[in-house]
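Please keep the sequence and the model in view while reading.

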Amino acid sequence: MALEITDATFDEVVLKSDKPVVVDFWAAWCGPCRMVGPIIDEVSDEYDGKAVVGKVDVDSNQEYAAKFGVRNIPTVLVFKGGEIVSRQVGVSPKKVYTDAIDAAL
């Protein structure tokens, strides 16, 4: 299961992580987000211990969504060393996310 990330925990969990971090920016009312959610949860299970996988609800946590230019959801960002190394907007197949993580490992 993906980790719930908030504006309060983003800096510690994402930007200071020594592992690659996948962040799914989503909202409960967003249909495509509900399609991506289970894929992100699967990725979280598969990469447990190798990468951090989390979700940010943009309705209640807008600071980092704005900071990283998230204008459409779902947007999945992959961070390495506190920097964005991959950005996927919209629904993508699982392989797109796993390839992005593998490239960051």
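A residue is called buried if its relative accessible area is under 20%, exposed if over 50% and partly exposed in between, computed with a 1.4 Å probe on protein chains only. The model is predicted, so local features need pLDDT of at least 70 and side-chain atom pairs count only at pLDDT 80 or more, whereas totals for chains, interfaces and linings use all residues. Residues are numbered from 1 along each chain as its sequence is written, and side-chain values use heavy atoms, with hydrogens and water left out.

Six aromatic pairs are present in the structure. Rings of Phe, Tyr and Trp (its six-membered ring) pair if their centres lie within 6.5 Å; planes under 30 degrees apart are stacked, over 60 edge-to-face and the rest tilted. Phe10 and Tyr64 are stacked, because their ring centres are 4.2 Å apart and their planes meet at 10°. Phe10 belongs to helix H1 (residues 7–15) and Tyr64 to helix H3 (residues 63–67), 54 residues apart; helices (H or I, at least four residues) and strands (E, at least two) are DSSP runs numbered from the N terminus. Both Phe10 and Tyr64 are buried, and the relative accessibility of Phe10 is 0%.

Phe10 also pairs with Phe68: with centres 5.8 Å apart and planes at 35°, this pair is tilted. Phe68 lies in the loop between H3 and strand E4 (75–80), so its pairing with Phe10 in helix H1 ties together parts 58 residues apart in sequence. Phe68 is buried, at 14% relative accessible area. Phe10, Phe25, Tyr64, Phe68 and Phe79 form one aromatic cluster.
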